[in-house]
There are 2 protein chains.
Amino acid sequence: MTAMTQTRPLKGEAKDALKALLAPRSIAILGASSDFRKVSGRPVKHLLDKGYKGRIYPVNPRAEMIGPLKAYPNVAAIDDDIDLAIIVLPASEVLNCVRELGAKGVPVAVIFSSGFSELGDAGRKYEQDVVAAAREGGVRLCGPNCLGLINSFESVLATFSQYADSDTPSGPIGFVTQSGAFGTAIAALARRRGLGLGYFVNTGNEADLTFSEIMGEVIRDPRIKMGAGYIEGLKGGEDFVALAEQAMVAGKPLVMTKVGRLGAGARAAASHTGSLAGDDVVFDGVVRQHGIIRARNEEHMLDIAEVMSCCKLPEGNGIGLLTQSGGAGVLMADRAQEVGLSVPVLQPETQAALQKVIPGFGAVGNPVDVTGQFVADPNLLLESVKLMLADPNVDVGIVWFQLMEAHVDKLVKVLVEIRDQVTKPFVVCWVAAPEAGVLALRKEGIAVLRGAEPAVDAVAALVQYAEMRRKWLARREHKKAIKLPKLDLPSKGVVSTMDGVKLLDQCGIVHIPTVLTTSADEAAKAANKLGYPVVLKIESPDILHKTEAGGVMLRLTDEAKVRQAFDAIMANAKKYKPNARLHGVVVQAMASGDTEFVIGLQNDPVFGPVIMAGLGGVLIEVLRDVVFRKVPLCEGEAADMLDALHGKAVLAGVRGRPPVDRKGLIEMICAVSRLGAALGPRLSTLDLNPIMLGETSATAVDWLMMLDEA
Amino acid sequence: MTAMTQTRPLKGEAKDALKALLAPRSIAILGASSDFRKVSGRPVKHLLDKGYKGRIYPVNPRAEMIGPLKAYPNVAAIDDDIDLAIIVLPASEVLNCVRELGAKGVPVAVIFSSGFSELGDAGRKYEQDVVAAAREGGVRLCGPNCLGLINSFESVLATFSQYADSDTPSGPIGFVTQSGAFGTAIAALARRRGLGLGYFVNTGNEADLTFSEIMGEVIRDPRIKMGAGYIEGLKGGEDFVALAEQAMVAGKPLVMTKVGRLGAGARAAASHTGSLAGDDVVFDGVVRQHGIIRARNEEHMLDIAEVMSCCKLPEGNGIGLLTQSGGAGVLMADRAQEVGLSVPVLQPETQAALQKVIPGFGAVGNPVDVTGQFVADPNLLLESVKLMLADPNVDVGIVWFQLMEAHVDKLVKVLVEIRDQVTKPFVVCWVAAPEAGVLALRKEGIAVLRGAEPAVDAVAALVQYAEMRRKWLARREHKKAIKLPKLDLPSKGVVSTMDGVKLLDQCGIVHIPTVLTTSADEAAKAANKLGYPVVLKIESPDILHKTEAGGVMLRLTDEAKVRQAFDAIMANAKKYKPNARLHGVVVQAMASGDTEFVIGLQNDPVFGPVIMAGLGGVLIEVLRDVVFRKVPLCEGEAADMLDALHGKAVLAGVRGRPPVDRKGLIEMICAVSRLGAALGPRLSTLDLNPIMLGETSATAVDWLMMLDEA
């Protein structure tokens, strides 16, 4: 903590406004009520009851007192600096209220009120007016349409969430949620598990402060070890990427659930938050690229948060499974392999040592089955977990057992001993666990999951994060060293084939030799030079659908056919569109290689220029097997894209084909990514489709590029 | 119940032995101990304490009394008929013990003892000896290496499972598990949810009685509404299919979790149970074909069991989602679509009616967001759920809310009112629910799930089961009408191309015209008749790899090339394998169509002849996108196979291609399935690869068949 936190936050400076939001030294509640069951009374009650140490100022012109506190007619009447204002007024009064806060110099307000952009166009306009007034007055806003926030370290209960009705234990997890009701449920589930949330913030409509800005401030707190987030529609892709970067630098994992993956989901998200759901497949790619763990749902998120906040990072993906039940071992081994973990057979030495401690009807391979005998002999558990984790191929362990109502103390004791004696991370999977056992282990900082699959999934996330972090550290310098090409750009609209060639050349993107010709003689000459067979295509800014126009002729095998084709294409084009400007006919060689690939660029509304990669044919057209990333990319990131394709085995060679030129393909992905980054806002779309991959070549065969205005 | 149950079960008759196992009127415990904490004492204690109404006979030569009961030196000394014997003796004593039971005329025994096939070859031999002795004496066996069974209706606690340490409430779910420890955990989880298990049976090694036989008897009990099973390695495919059929006839759903899906999993299953894990993809196909719901894991299984045992079957796949949180609605809508449910936009009339009861900041489309307002006004919930379910496009509903500690009674009351007033099924998803609320709803027969995704998944299973049942009812007569072809079969080994042609013709499987020729003249004549281009292939029982032998020449476009090719192929073959018997050269036409398909048959060790179908190319070779079914198939089942392919869109036409001849393909699948069924044990393998699909044709282009001994 610097001296800064001791001085009054400067008007409108975001960092200080965020500090004031999350750790205010004084709070005014505008619209406070003395009925503590009401939304307008609950924050007052919570702040009073739960030990908030700052000053509390209820504002209500119709009251003398709110509970034990003096009520003020307006903020101006408060003779103190206010760090945070809570607005609990009808939407119609919020605009004036924000103006008053600006006049008073209040740096930040959280707005509970609903009746803004979530209602549609009229509400959106009013919300914009409120934001404009806030900007003018130097007030930052959290919400509107949110249920506030909790800083459980300093007992800041600026919320009317049901979650605050009981204790809100503090802990190393910072939780930020766009949904109030669902966020409340998640927080309550965390509390039931004994997981403490250092922060709980509901960002609501995010008219001003975004999820990313608030999460960034949350994880800046040294007491916070990781962030957990619930997202419905992301605003500000750059902020989000900056947050991911900040979290990686700090070594604080982020785990997020985002809804709105599909059609009906996206429809509901739009009607609910008024925010753009964005393209989920892009979000997914950007999240993976930046080392954020994505959780499927609330329980998955909490499982991961629990493991992340308890375990250190494993050094590899080898998992050791130890159970009292062969069946649970099989279930976990199945799942481990499905989610990319390795279940190594233990080394002969390890197996021999285990054989000495485990009954004969157990198993020592991995999964290790210690049998129910460990209940009578806890030392058996201690020794076998130690042996399993000591195996050089095991990086992380799961210890599975069930019930044991009568043996809670004994089990907790031996698990604490294990934790003290091993260096590799492990988690406990305790099915139908007695609550006392779960809470006792949590208190000891041991992660305890409730089922075999959830345990494996959470460990997989831990392994995945560890690997992402290793990669991120190794790639930092490569990323910084990326140099963008200087481009000589044509104007807005569809880029001609030959202008495309220039751009590809400026970026070092390998493409098929391409010559523009304006007569049959020139075409024949070009074809003779390129070598047969060749392809001829009409070149005209006015003809987009070349094949439809009879403007494409393939596999021309000699000069006579080329001359004939030139004339035919020109004639077809004139007939197809009499007024079209015809720049001539492009002559192209045929590419070698017989595996098709596709690379594309597009300008995502949230994240800006993103790159797409996928294998051609049914994989992309039927199975939509594509991967997105934000540009530009280093080689490692491009390789990750290929490894994320379901059909990646095609690249290694199938049906008797040799492997494709992976290195050349990775170079091309990187080069296209640099093109995308250099284009920036000028990018509309680019498709390299197909790219032909051979054993030693990766060659763009066709390209279509559109530019936006400069 | 017939009079049969009142008389002594006949020696060795399976049905009566199963009755004696699950509802014994007298039980002998061999190896009973008076230490009630021990495995050998616990069943005695449980039977005494929990109200078992039958006669209990402890057998222990070293004791006078076991607890309050007289102990007997051996079974012969018991002056009564014994329905069930529990064996709790060291493995070495089991063989003699089983002989004594045979002499006494005891129809069935459950063997707790371990030390049999789970230990490997020696144990397997001993287990076989025990089974042989049991067969000889007319004794059926459950186990060994199991922890027994519970019939909670009649308080038969023939078990040492921890699950029996507390109450074992009865209910409409019958649970049979191959794993003891994991099964115990699942039973305990069910109890925590308030789900009663009418039966709990652990089948252990299944040396004699199988999972399927026991589950069959369980669901024969009219008090049982559905079966839940946990499987590690299935024995007896025919029994399993018969069980599925019995369950469908009775209208009692079966839900099963099976482990051993992948490599390391299968390894552990083998070391654990000594049972053959089988090919999981075959199991999966057979299960779907026969209307069994497969659950991913224990919680998924219990979610499904809960919904199945509470809800009637929906008439379609339209789901209505009603929440107090937009976010939860989005999450559920996403998931619903992922698992094949439809989330219909509600009709304008429904939306208008909802608008009258729901606050303005809610949503009425679907998901319906009633907002938190329903807490103050439960009638809002009642009215809006009724309106949503009344929408003609909605077949089943989910009602989502969270927490509500202070409102449990009110909510339970309104949900019961809803149940009483609606006709369509619905489930409650109550996140972070107070336990009292969950148990109160369960008592009312209302399914209550703990999370958005689990709720959707369980409803999806209900919808899936309803659809499978509708299909099963519609297909019953078609299945019965299937007529198997009469086959004229060659001897064991690889079937020659021309013998293959005969078999395909006998089954009505469309294949490419194929002529065997023994001279260049004949080949030329055949080619002229078939039309060009043609393919020539060597025909020899001694050359399996024809291409490698230079024995295949493709795309021959005229007579001269055919003559040349004939001579070249014969010469190549002689050179490749001088002693090979050369029957000549086969001439084939080229098939029309440009979509490749593959159909195969194989003899599965568990299920017998099964058929496989998949799209050619990367879909089958890289993504292993194939579907299996047990033969023979009716047309509906063949259509289901196509619909289960991930790449099924290819069949509808991609990249500008027209749809393929789906009807012809379905006919071919059916015809091949009949061939497989007719081959029966003679089947080794058959591959039709490729089959070329065109707009109006489905033609087998190449086939390889191997037969087993007659």
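The structure holds 85 salt bridges over all chains. Keep in mind that this is a predicted model. The tour visits some of those bridges, then aromatic rings, a surface patch and a strand.

**Stop 1: helix 14 of chain A**

Select residues 408-421 of chain A, which form helix 14. Show the side chains of A:Glu417 and A:Lys413. They meet in a salt bridge, 3.7 Å from N to O. The two residues are 4 apart in the helix, so about one helical turn separates them. A:Lys413 counts as exposed because its relative accessibility is 56%. A:Glu417 counts as partly exposed, at 29%.

A:Arg419 lies in helix 14 of chain A, while A:Glu444 sits in the loop between helix 15 (435-443) and strand 19 (448-449), so the pair ties together parts that are 25 residues apart in sequence. A:Arg419 is partly exposed, with a relative accessible area of 28%. A:Glu444 is partly exposed too, at 35%.

**Stop 2: a network in chain A**

Select A:Arg193, A:Glu299, A:Asp303, A:Glu306, A:Arg442 and A:Arg450. Salt bridges link these residues in a network.

**Stop 3: a pair in chain B**

Move to chain B and pick B:Asp280 and B:Lys258. Their side chains meet in a salt bridge at 2.8 Å, N to O. B:Asp280 belongs to helix 9 (residues 280-289) and B:Lys258 to strand 13 (residues 254-258) of chain B, so the bridge ties together parts that are 22 residues apart in sequence. Are B:Asp280 and B:Lys258 buried or exposed? Both are buried.

**Stop 4: aromatic rings**

Over all chains, the count comes to 24 aromatic pairs. For one of them, select A:Phe175 and A:Phe200. Their rings form a tilted pair, 6.0 Å centre to centre, with 45° between the planes. A:Phe175 lies in strand 10 (residues 173-177) of chain A and A:Phe200 in strand 11 (residues 197-202) of chain A, so this pair joins parts that are 25 residues apart in sequence. A:Phe175 counts as buried, at 1% relative accessibility. A:Phe200 is also buried, with a relative accessible area of 1%.

**Stop 5: a nonpolar patch**

Switch to a surface view of chain A. Colour A:Val494, A:Leu544, A:Leu704 and A:Met706. Together they make a nonpolar surface patch of about 330 Å². Zoom in on A:Leu544, found in the loop between strand 22 (534-539) and strand 23 (552-556) of chain A. A:Leu544 is exposed because its relative accessible area is 51%, and the cut-off for exposed is over 50%.

**Stop 6: strand 17 of chain B**

Select residues 396-402 of chain B, which form strand 17. How many of its 7 residues are buried? The count is 7 of 7. In a regular strand, side chains alternate between the two faces of the sheet. Here B:Val396, B:Ile398, B:Trp400 and B:Gln402 point one way, and B:Gly397, B:Val399 and B:Phe401 point the other.

Next, show the neighbours. Strand 15 (residues 319-323) pairs with strand 17 in the parallel sense over 5 bridges. Look for B:Leu321, which stands opposite B:Ile398. Strand 18 (residues 426-431) also runs parallel to strand 17, joined by 6 bridges. There, B:Val428 stands opposite B:Val399. Finally, trace the chain from strand 17 through helix 14 (residues 408-421) of chain B to strand 18: this β-α-β crossover is right-handed.

Notes:
Residues numbered from 1 in each chain as written. Chains lettered and ligands numbered in written order. Predicted model: local features only at pLDDT ≥ 70, side-chain atom pairs only at ≥ 80, totals over all residues. Heavy atoms only, no water. Buried < 20%, exposed > 50% of the residue type's maximum accessible area, 1.4 Å probe, protein only. Pairing = 2+ DSSP bridges. Right-handed = clockwise from strand over helix to strand, strands pointing away. Patch = residues over 30% accessible without salt bridge, like charges linked within 9 Å, V, L, I, M, F, W, Y side chains within 5 Å. Areas by Shrake-Rupley, 256 points an atom, 1.4 Å probe, with all protein chains shown as cover. Salt bridge = Lys/Arg side-chain N within 4 Å of Asp/Glu carboxyl O. Phe/Tyr/Trp six-rings, centres within 6.5 Å; stacked < 30°, edge-to-face > 60°.
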